[in-house]
Amino acid sequence: MTELSNRSEPWRLTPAAFAALIARDLRVLLHMPASFLLRTVLNPLMFVFVFTYLYPHIGAGRFGEVAGQNLGTVVLPGLVASAIFFQGLNAVALPLSMEFGATREIEDRVMAPVAYGLTALAKVCFSALQSLLAAAIVFPLVYLVPAVPVRIQVSSWPTLVLAAVLASLLAGFLGLLLGTVVEVRKIALVFAVTIVPITFLGCVYYPWASLHSVRWLQILVLANPLVYVSEALRAALTPALPHMNPIASLSALTALTLVLGWAATKTFTHRVLT
Amino acid sequence: MSRVIGLYHSGPSGYVPLSIDGLVKRYPGSSRNAVDGLSLEVSVGEIFGLLGPNGAGKTTTISVAVTRTRPTAGTVRLAGTDVAAQAARARRRLGVVTQANTLDRSLSVWENLYFHCRYFGLSRREARRHSDELLERFGLAERRDERVDRLSGGLAQRAQLARALAHKPSVLFLDEPTASLDPQSRLALWDHVRGLRERDGVAVLLTTHSMEEADRLCDRVAIMDHGRVLACDTPGALKRNLTATTTVRLRLQAPPPPALLDQVRALRGVERVVNDGNRIEVVTAARDGLVPHLVSAVGAGLLDLSVSEPTLESVFISLTGRKLRD
Ligand SMILES: Nc1ncnc2c1ncn2[C@@H]1O[C@H](COP(=O)(O)OP(=O)(O)O)[C@@H](O)[C@H]1O
Ligand SMILES: [Mg+2]
């Protein structure tokens, strides 16, 4: 008993516990690496295969072109953005909602001797790492598969890094929010009704500027966080295409990350402390 | 056992592992208190039982003590630390086995222990060594790499106990630890819990709605109902101090008519009569001469009769007028 009781006070335990919480998630991920790869790769791979490889071969080569740029170039930032984004739902919302629900297996992590918010933050940070990894996997895929060469030019590394990191955290916090408020039996439904509209209206397949001819939609999609991720990456990776001013998209990402982070930590604490 | 009890109340430096003082919990939107002014202390090495029916407030009491429910009023101190004010610090001093199995299903048995140790700041090497030891000690070594959802109820409960102890807490909370176990696993778990007292000197607060468990495992028992403690003492003293001490159980051919129950109630020395189908339980302080009177009152409908010495069940009935499992 003395051995542990004499140890450092809880605040000094914090980094160790935080690292352990991340190590646990990593172990679980390594138990089934294939599931990570499949859920990351399948959607972008199928998309680029059909629309940027198959279409040119079956004589629909100019499909989806914007401002003289081929579809592969148009969708590369968008597909990287959605890979980052949906990792947050898969890595946080789904497991959390199950662990809070039927099995209550989150218990032991919640009972770690650190502030509750830290348990949540560890989950989000690990999810963010997975998001970055997903981006790194999707990038070469979307670059190499298209039949017509994709034109990439990193206009600003800071914008690229900042956009990727903010988007990864934002996605993790969104996952945390959904995972703590949505009951496990409704999570599949919530996924179904969020993922599809967020992706299709997330400026993944077209730049935001090209929506100017459908003005009401151009304004409406500003409520979709994925829009800012796609646009910030577009500014960083394919500057030849029209894109939002990166200061605007990065500011929106920062604000959304802070607001969602605050809200999700609140709902998490609410869930674990009656 | 009495030797140990003597020790509790004269702890070396007045060190009290767990003290609950005037605890009240009212859940939002509820019109009554789930815990209603509960106070108790548990000493070093003591196994303390909260005995009460469903809804008595046992789980709520534990939940406040383990920092997961905010108290409405009152305080819980764990080794001097106020659990509401310093939750993270308090969590280092406590281990808990909840009513439901909360083992981490994504991990193996060993990994459950290993990561638990690491959440509590043990180094990788220490955590590995300690997890191995715990598996040995709790007879789980052969199941080391198995997924936890493959474990039987008894083994899962043992794994949970091992995990709760892995960071060497001063107080261990067990919420209905044997409620879902078969009799054999139940006895095995009791042995482990007794072993803790001797080996780790840990104080144990457990809840149960089993009279037998309270009687055989606990050094002291608090009988709880509607969020309050009705009586608190050693099982022996609870039974001794009770005025109504003996229970006569009658089994009849058919449910008795109300007139017969009234007749039985009117007999001298009868404290309480509980009727359940064709069974009658008569609780009495003055047993002498009662049985012949009962027999003649019931008459030819009597199938069977037994007389039993006081149990905690009879203590509970005399305190609340109800049976524990109503
Ligand atoms: N999360 C909750 N919200 C509202 N009421 C609750 C909650 N948990 C328990 N209760 C109520 O508090 C009372 C005590 O419950 P509990 O502590 O679980 O009793 P026990 O463990 O002795 O069966 C019950 O009336 C129960 O319905
Ligand atoms: Mg309970």
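Start with chain B and select its two domains: the centres of domain 1 and domain 2 of chain B, taken over C-alpha atoms, lie 40 Å apart. For the selection, the domain assignment puts domain 1 of chain B at 18-240 and domain 2 of chain B at 245-309. Keep in mind that this is a predicted model. Its scores are ipTM 0.85 and pTM 0.82.

Now colour chain B by pLDDT. The average for chain B is 86, and 91% of the residues score at least 70. Select helix α4 (residues 109-119) of chain B: confidence in the chain is highest here, at a mean of 95. Then go to helix α1 (residues 2-8) of chain B, where confidence is lowest, at a mean of 39.

Where pLDDT is low, the predicted coordinates should not be read in detail.

Move to chain A. Select helix α4 (residues 71-100) and helix α6 (residues 116-144) of chain A. How do they pack? Their angle is about 145 degrees, with the axes 8 Å apart. The crossing of α4(A) and α6(A) is right-handed.

Show side chains at the contact. From α4(A), pick residues including Leu76(A), Val80(A), Ile84(A), Gln87(A) and Glu99(A). From α6(A), pick Lys123(A), Gln130(A), Val138(A), Phe139(A) and Tyr143(A), among others. Colour by class to finish: the contact of α4(A) with α6(A) has 14 nonpolar, 5 polar and 2 charged residues.

Notes. Residues numbered from 1 in each chain as written. Chains lettered and ligands numbered in written order. Predicted model: local features only at pLDDT ≥ 70, side-chain atom pairs only at ≥ 80, totals over all residues. Heavy atoms only, no water. Axes fitted to C-alpha atoms, helices over the stretch in contact; angles between N-to-C directions. Helix = DSSP H or I, 4+ residues; strand = E, 2+ residues; numbered from the N terminus. Left-handed = near helix turned anticlockwise from the far one by under 90°. Contact = heavy atoms within 4.5 Å. Nonpolar A, V, L, I, M, F, W, Y, C, P; charged D, E, K, R; others polar. pLDDT = per-residue confidence, 0-100. Domains from an automatic or database assignment.
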